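Subject: Handover of a structure and findings

Dear colleague,

Please find below the structure that I am handing over to you.

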Amino acid sequence: MGDVTDIRERRGPARLAPRASYERSEGRTVSLFWRIFSLNAAGLVVAAALLLGPVTVSTPVRQGEAVVVLGGLALLLAANALVLRVGLIPLQRLGRAMAAADLLRPGVRAPVSGPSETAALITTYNTMLDRLEAERATGAAHALSAQERERHRIARELHDEVGQTLTAVLLQLKRVADRAPQELREEVGQAQEATRAGLDEIRRIARRLRPGVLEELGLPSALRSLAAEFTTHGLTVRHHVGGDLPRLTEESELVVYRVAQEGLTNTARHSAADRAEVRLQPVAGGVELLVRDNGSGLGGAVEGAGIQGMRERALLVGAVFSVAPGPGRGTDVRLRIPVVAGVR
């Protein structure tokens with residue numbers, strides 16, 4: 001695998017979940033203007049015909065004449081209310097769709113229906129959503145690609161500069177310890193242990209910033225290494241990688257690794273779990289990653305930057321991402337990536 005994956009160069013694969021269709025149904029519809037105008041015109045024509053015909057209004061108005069006039073007025077108002085109610089229903093649906101729109105959950109569109117003006121407005125809104133999702137995906141690809149390059153740069157500097165400096169300090173401390181008086185050797189030894197711990201921490205951070213195992217040994221080995229890295233005294237992480245996995249693109253493998261990394265980071269920091277599982281297995285039409293823990297669960301917590309970042313990465317490769325309560329308790333993080341034909 002290459003040193004830096006440029007996500008901008010990918011070509012979007014087909015989604016596993018079909019997008020909601022928002023094509024207009026065949027057949028012409030009467031516009032809202034003509035519906036209201038025709039109803040009002042019909043009411044006025046009927047009123048004029050009655051006035052010119054046998055129906056008259058006396059002075060003072062008789063009870064029967066008042067009933068006829070008020071009945072006609074009530075009928076005309078009811079018909080107007082019905083036409084407006086039916087005509088505005090698509091606009092109400094559009095308002096609910098606009099309120100619920102989320103660019104991190106693409107593919108949901110308002111159904112096109114109603115009079116021609118309303119249908120044209122809904123179609124324009126759906127087209128605008130298509131454009132916004134495409135622009136957001138392009139911008140996110142640029143941002144995440146730049147982020148990956150910056151991660152690699154920082155990891156190289158930590159390894160080459162800070163790591164080598166600490167290694168030199170550790171060697172110098174060993175020479176000092178060999179020549180130091182007996183009463184100072186314990187303090188020099190403590191300095192050596194602190195320097196060694198700092199060097200190990202620098203290497204661990206560099207490995208997390210730049211997944212060398214992923215580039216050199218592939219995704220299954222990288223996930224095994226990730227599970228071992230997060231296994232501590234209070235958390236046990238098991239891993240399972242299914243056999244006969246379809247080949248993924250470099251971008252998809254990087255997304256799987258980063259989502260698994262972020263999922264385990266959230267588990268270690270926030271879930272108070274003592275067991276977690278990382279599972280990668282083939283599914284119909286693609287590959288699914290599952291990160292499951294037995295922690296406290298989601299509760300009513302608002303999605304933070306970590307989960308939103310995972311959603312952004314999933315969108316870049318056309319994957320379906322979800323966070324839901326696990327069986328019993330805990331949290332399930334799922335990422336389903338479609339397989340691209342011709343990947344070698």
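How many of the 22 residues of H7 are buried? Sixteen would be written here as 16 of the 22, so helix H7 is largely enclosed by the rest of the structure. Buried here means under 20% relative accessible area, exposed means over 50%, and partly exposed lies in between (1.4 Å probe, protein chains only).

Please note that this is a predicted model, in which local features need pLDDT of at least 70 and side-chain atom pairs count only at pLDDT 80 or more, while totals for chains, interfaces and linings use all residues. Residues are numbered from 1 along each chain as its sequence is written, and side-chain values use heavy atoms, with hydrogens and water left out.

Helix H7

Helices (H or I, at least four residues) and strands (E, at least two) are DSSP runs, numbered from the N terminus. H7 covers residues 250-271, and its 22 residues should span 32 Å at 1.5 Å a residue. The expected span is 1.5 Å times one less than the number of residues in the helix. The end C-alpha atoms of H7 are 30 Å apart, which agrees. After H7 comes Ala 272, with a positive phi near 60 degrees.

Salt bridges

A salt bridge is a side-chain nitrogen of Lys or Arg within 4 Å of a carboxyl oxygen of Asp or Glu. The structure has 9 of these salt bridges.

One of them joins Asp 130 to Arg 109, with the closest N and O atoms 2.6 Å apart. Asp 130 belongs to helix H3 (residues 116-179) and Arg 109 to the loop between helix H2 (63-100) and H3, so the pair ties together parts 21 residues apart in sequence. Asp 130 is partly exposed at 25% relative accessibility, whereas Arg 109 is buried at 6%.

Another salt bridge pairs Glu 277 with Arg 279, where the closest N and O atoms are 2.5 Å apart. Glu 277 is buried, at 11% relative accessible area, and Arg 279 is partly exposed, at 24%.

Glu 288 and Arg 334 also form a salt bridge, at 3.1 Å from N to O. This pair links distant parts of the chain, since Glu 288 is in strand E3 (residues 286-293) and Arg 334 is in strand E5 (residues 331-338), 46 residues apart. Glu 288 is buried at 8% relative accessibility, while Arg 334 is partly exposed at 28%. Through shared partners, salt bridges join Glu 288, Arg 292, Asp 332, Arg 334 and Arg 336 into one network.

Yours sincerely
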